[in-house]
Amino acid sequence: MPVNSIHIPTYPYYINGDWLESRSGQTIDIYSPYLNEVIGKVQAITKDEVDEAIISARIAQRDWAIRPLQERAQYLYRWADELVASKDEIAATIMKEVGKTLKDAYKEVTRTAEFIQYTVEEALHMHGESMRGDSFPGCSKSKVAITDRVPLGVVLAISPFNYPVNLSAAKIAPALISGNTVIFKPATQGTISGLKMIEALHRSGLPKGLVNLVTGRGSEIGDYLVEHDSIDMISFTGGTSTGINIAKKSVMIPLVLELGGKDPGIVCEDANLFESAKQIISGAFSYSGQRCTAIKRVLAHENIADNLVQILKEETVNLSVGSPKDESMIVPLIDHQSADFVQGLIDDALEKGATLVTGNKRSKNLIYPTLLDNVTMDMDVAIEEPFGPVLPILRVKSDQEAIDIANQSEYGLQASVFTNDINRAFRISNNIEAGTVQINGRTERGPDHFPFIGIKKSGIGSQGIRRSIESMTREKVTVLNLAE
Ligand code: NAP
Ligand code: G3P
């Protein structure tokens, strides 16, 4: 597929079943975050080419919407099989492009294939409902409402860099199975992995025009896509500032926005500190903290904080740091700009009096896992989403203080509560402003049939397989007015 120029492959974009080079003649270099070299070039397509993609999606949708569900299902099952069949190549691409360990990259591909299969099975068991008129006062039973779900039309699916395959298919599969067509805009740093996923879809024999891969910087074609009046729904996963921009620019269409987070880990004095620490370290530092659901602050009861910090320190200093090729827990961040941002948060906190427990060491875009104790709310690290391996610890006097600090955040994705008292756990959980509260477990999305919800600046709408299908369809009511 790619046209080689000496060593660096150039990748096409994909519309209406064709792999194309942009008439702009412009390409974007994709750097590997750990190889620090260009691993490929992707197309920077024009707005006209965006139009062509949307037109082909619009045309293809008319026929796709009336295809039997079972027929649609077969293409998605084949897609899942093709992904599994090419998992070695896709996983290797994910590692090179976004710096995830090979093990995590394989997990992402397998998780995606399972997600697609489950999405098909869920859709096969989603049925409408009927309602009789006579359950409402004064209305006869000759009035019957039949409610069914119908596709919205053309879905714009925009994904982030950190799950270039999984968080893309998590939009494309529910859109397709429910009769929509898709304009897929991957993160630039994730385009090659996204393209490999689409190659698998192409091999499934999916009819032309149903899924169209548009490549280019979001800063160049993003607004044009979002404001395009032939887009019927936007499913976006990414940063909060980008999400807010999309909410402001999109007009009168359904939106699902899965945005940033500042998930707290609340540790009560009766918690099992060793188990809690394990969950916190895994939650905070997996993939160097580049997860929206990463634990991004610890709120520890002051009378166990010293012990907890000691245990967290022991866990942290033993984390492997280095190349994803060596299955390191802490890997280089996606780019130098992100590493600068994380370093800035560490410097700000230390200037303002935080205690460095361990870390604050850096080599280019590799930031060593950093624990900061005695963090206070005037420090940026207490409120900002680092998307990197820095974990602030704030000491609290009571559950209520922990709840108040947790809810002060503009984010509301997830939270963890660590305690052995289930009543206490629910008391805290019921007062936390977040889409999900994990009791004695790390914050994470999934399993993928669970609802996944961000509130406040963490999002609008809900994901999770059934919720995603519902978000990409609408109810259509047909009322029978039968003869009396
Ligand atoms: P990002 O910078 O917001 O980019 C996300 C996507 O939006 C990319 O495809 C990007 O394209 C595109 N984009 C940029 N400007 C746009 C515009 N004006 N209109 C439309 N699309 C535009 O986020 P990221 O750095 O890839 O991902 C990290 C962020 O995503 C973190 O904040 C993280 O918390 C969040 N995230 C949230 C979830 C969740 O489920 N809640 C999951 C994963 C990540 P380019 O790459 O070309 O700029
Ligand atoms: O940031 C991606 C987000 O969706 C997290 O997924 O499975 O790592 O919790 P997970």
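This is a predicted model: local features need pLDDT of at least 70, side-chain atom pairs count only at pLDDT 80 or more; totals for chains, interfaces and linings use all residues.
**Ground rules.** I kept local features only at pLDDT of at least 70 and side-chain atom pairs only at 80 or more, while totals for chains, interfaces and linings use all residues. I numbered residues from 1 along each chain as its sequence is written, and side-chain values use heavy atoms, without hydrogens and water.

**Entry one: α5 and α6.** I looked up helix α5 (residues 166–177) and helix α6 (residues 191–203), whose axes are 11 Å apart at an angle of about 30 degrees. Helices here are DSSP runs (H or I, at least four residues), and axes are lines fitted to C-alpha atoms over the stretch in contact, with angles from 0 to 180 degrees between N-to-C directions. The pair is therefore roughly parallel (angles under 35 degrees; over 145 is roughly antiparallel, 65 to 115 roughly perpendicular, the rest oblique). I found S168, A169, I172 and L176 of α5 touching M197, I198 and L201 of α6 (contact means heavy atoms within 4.5 Å).

**Entry two: α3 and α4.** Next I checked α3 (residues 87–98) and α4 (residues 102–124), whose axes come within 8 Å and cross at roughly 125 degrees. These two are therefore oblique to each other. On the α3 side I noted K87, D88 and I90, among others, and on the α4 side L102 and Y106, among others.

A pocket is an open set of points on a 1 Å grid, fitting a 1.4 Å probe, with protein on both sides within 12 Å along at least five of seven lines; lining residues have an atom within 4 Å of a point. Of its 43 lining residues, P160, F161, G238, G239 and T242 are closest to the centre.

How values were computed: Chains are lettered from A and ligands numbered from 1 in the order in which they are written.
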